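Work through the exercises below with the model open. Try each task before reading its solution.

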Amino acid sequence: MFSQIAERRIQNLIKSYFSAHPEVILEMHEALIIYVKNENIDPPCIEIKKQNNGFEISFWDGYALSESQFEDDEGKVLKILKTYVRKLAKNLRKT
């Protein structure tokens, strides 16, 4: 889905923001999914899906905020991902 360098950057990003939160799970298969494993029926998550001509990246904060963007450049997708990771980390600090 991503280049090896991008995958390594994503893993390091997740480790740096969520090292104190073992409930945050990163899965990379057909889609990249970062979610908070808890009792919530609809937990906060970030999802990146590969489309034919780019990537769809979506963010759900677990309450009411949902955002979705489409980007064809892998570098821009990583910047958007970093923004969403910061939001998720901020929300986890509040709880």
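**Exercise 1: contacts of one residue**

Ile46 touches Leu32, Ile33, Ile34, Ser58, Phe59, Leu81, Tyr84, Val85 and Leu88, leaving aside residues up to four places away in sequence. Contact means heavy atoms within 4.5 Å. This is a predicted model: local features need pLDDT of at least 70, side-chain atom pairs count only at pLDDT 80 or more, and totals for chains, interfaces and linings use all residues. Residues are numbered from 1 along each chain as its sequence is written, and side-chain values use heavy atoms, with hydrogens and water left out.

Task: Find which residues of the largest nonpolar core touch the most other members.

Solution. 
1. Buried means under 20% relative accessible area, exposed over 50%, partly exposed in between (1.4 Å probe, protein chains only).
2. The largest core has 24 residues, and Phe2, Phe18, Ile34, Ile46, Ile48, Leu81 and Val85 touch the most other members.
3. Sort by element: α1 (4-18), β2, β3 (45-51), β4 (54-60) and α2 (74-94) each give at least two residues. The largest share, 9 residues, is from α2. Helices (H or I, at least four residues) and strands (E, at least two) are DSSP runs, numbered from the N terminus.

**Exercise 2: the sheet**

Task: State the order of the strands in the open sheet.

Solution. 
1. Two strands pair if DSSP finds at least two bridges between them.
2. Start with β1 (residues 24-28) and β2 (residues 31-36): 5 bridges join them, antiparallel. They form a hairpin with 2 residues between them. Glu27 stands opposite Ile33 in β2.
3. β4 and β5 pair antiparallel over 6 bridges. Trp60 faces Ser66 in β5.
4. The 5 strands run in the order β1-β2-β3-β4-β5, with antiparallel pairing.
5. β1 and β5 are at the edges with a single partner strand each, so one side of each lacks a neighbour in the sheet.

**Exercise 3: a salt bridge**

Task: Which side chains meet in a salt bridge?

Solution. 
1. Apply the cut-off: a side-chain nitrogen of Lys or Arg within 4 Å of a carboxyl oxygen of Asp or Glu.
2. The structure holds 1 salt bridge. Glu67 and Lys87 form it (2.5 Å, N to O).
3. Glu67 lies in strand β5 (residues 66-71) and Lys87 in helix α2, so the pair ties together parts 20 residues apart in sequence.
4. Lys87 is partly exposed, at 28% relative accessible area.

How values were computed. Core = buried A, V, L, I, M, F, W, Y, C linked by side-chain atoms within 4.5 Å.
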